Amino acid sequence: MNETKCGFVAVLGASNVGKSTLVNLLVGAKVSIVSPKVQTTRSRVRGIVVHDNSEIILVDVPGIFKPRRRLDRAMIATAWTEAEDADLCLLLIDAQKGLDETTQSIINTLVKQKRQTTLVINKIDLIAREKLLPLIQKLKDIPIFDETFLISAKTGENVKELLTYLANHMPKGPFMFPEDNLSDLPNRLFAAEITREKLFLNLQQELPYSVAVETNLFEERENGIRIEQTIYVEREGQKAIIIGAKGRMLKKIGAAARFELSQIFEKPVHLFLFVKVKENWVNDPERYTEWGLDFNA
C-alpha cells in the first residue's frame, strides 16, 4: 500500500480573486460561500479533498485588503496566521486585475517572510492569452514563486494539474479527517454562512457587511431539519431593508437559503429567520470566537 500524505494548503489572495470558487471546485462540493462582492469570506474555512493517496486540507482564508475596522483586522490576521502555519501556500491573482496595489502588497509581505509560494493566476478565461504574457514576465523573477499555474476556477481549466501538484507536495503522514469529510465547518456555522451568502446576493452596497447570522437551532427530525437563525443588524433602518415591504425580501432570502440547504443536506429543511437589531455587534467577542477570529488582532 502506498504511503499516505496529508497537509494544509493556505489559499491566499486579494478579495474577489476566486479563492472560494477554487476551493469548492477542488473539493467537488460547496464548502465556502461565494458572491460577486469583495470580502465575502469572513472566517477561515477548511475544505478537504483526497487525491492520489494524499489528503489535502485547503484553507480558504479571508481576502486581504486595507483594514478599516476591528473585524477587518481580525480577518486579515487570520489569513496571515493560516499562511504561516500551512505546509504549502497558494497565492491567487486575478488575470484581469494583474498586479494591483493589494496584490503587490501581499507579494511584498511574502517576500519579506521568505515564504515559498505557488503562484496561481486565475480567470484566464476572461483575458486574451497574449495579454497574460506581460503579467507572467513581471512575476517570473520574484524568487518566492516555486511554480506557476494558469487556471480558470470557473471553467476548471488546468485545475486537475494544480490538484495533482498539491497532492504530490503534501508531507508524509496519516489522514487527519475521515475520507468522506468535505469540511471541518460545523453544520450550524455552515448553515449560517449559506444564509449570509443569500444576504450578500440580494442586498445592495454596504449593508451585507453590517450583518451577522447566527444559527440558534439545528435539529434533525423525522420530517427533515429544523433550522432557526437570527440575522443581526446594527440599526433599525437596516432591519427594515432586510425584511422588505410586506416581508418580501426576508422571504426571498429565506427561500433561497432553504432551497440550497435542502440540496446540500439532501433532506427537507425548515428554515425560520428572525431579524434583530444589536448595536455594535461587530465588537462582540462572542462573534469572533464563533468565526475562529482573534478579537484582539
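1. Are Phe-190 and Phe-265 buried or exposed? Phe-190 is buried, and Phe-265 is buried as well, where buried stands for under 20% relative accessible area, exposed for over 50%, and partly exposed for what lies in between (1.4 Å probe, protein chains only). The model is a predicted one, in which local features need pLDDT of at least 70 and side-chain atom pairs count only at pLDDT 80 or more, while totals for chains, interfaces and linings use all residues. Residues are numbered from 1 along each chain as its sequence is written, and side-chain values use heavy atoms, with hydrogens and water left out.

2. On the aromatic rings, the count comes to three aromatic pairs, given that rings of Phe, Tyr and Trp (its six-membered ring) pair if their centres lie within 6.5 Å, with planes under 30 degrees apart counted as stacked, over 60 as edge-to-face and the rest as tilted. One of them is the edge-to-face pair of Phe-190 and Phe-265, at 6.5 Å centre to centre and with 90 degrees between the planes. Because Phe-190 lies in helix α6 (residues 187-202) and Phe-265 in helix α8 (residues 248-265), this pair ties together parts that are 75 residues apart in sequence; helices (H or I, at least four residues) and strands (E, at least two) are DSSP runs, numbered from the N terminus.

3. The rings of Phe-218 and Phe-265 have centres 5.5 Å apart and planes at 70 degrees, so this pair too is edge-to-face. It links distant parts of the chain, with Phe-218 in strand β7 (residues 212-221) and Phe-265 in helix α8, 47 residues apart. Phe-218 is buried, as is Phe-265, and ring pairs join Phe-190, Phe-218 and Phe-265 into a cluster.

4. Two cysteines deserve a comment. The count of disulfides is zero, a disulfide being a pair of cysteine sulfur atoms within 2.5 Å. The sulfur of Cys-6 has its closest cysteine sulfur in Cys-89, 17 Å away, which is too far for a bond. Cys-6 is buried at a relative accessible area of 6%, and Cys-89 is buried at 0%.

5. Helix α2 (residues 70-85) has 16 residues and reaches 23 Å from its first C-alpha to its last, close to the 22 Å expected at 1.5 Å a residue, the expected span being 1.5 Å times one less than the number of residues. Its buried residues include Leu-71, Met-75, Ile-76 and Trp-80. The buried residues of α2 pack against β1 (5-13), β3 (54-60), β4 (88-94), α3 (101-113) and α9 (285-291).

6. Ser-54 is found in strand β3 and is buried, with a relative accessible area of 1%. Leaving aside neighbours within four places in sequence, Ser-54 is in contact (heavy atoms within 4.5 Å) with Lys-5, Val-49, Ala-167, Met-170 and Phe-175. A polar atom of the Ser-54 side chain lies 2.9 Å from the backbone oxygen of Ala-167.

7. Ser-183, in the loop between α5 (159-168) and α6, is buried with a relative accessible area of 19%. The side chain of Ser-183 reaches the backbone oxygen of Arg-46 at 3.0 Å and the backbone nitrogen of Leu-185 at 3.0 Å. Not counting residues up to four places away in sequence, Ser-183 touches Val-31, Val-45, Arg-46 and Ile-48.

Methods: Polar contact = N/O pair within 3.5 Å; in protein donor to acceptor, adjacent residues only side chain to side chain.
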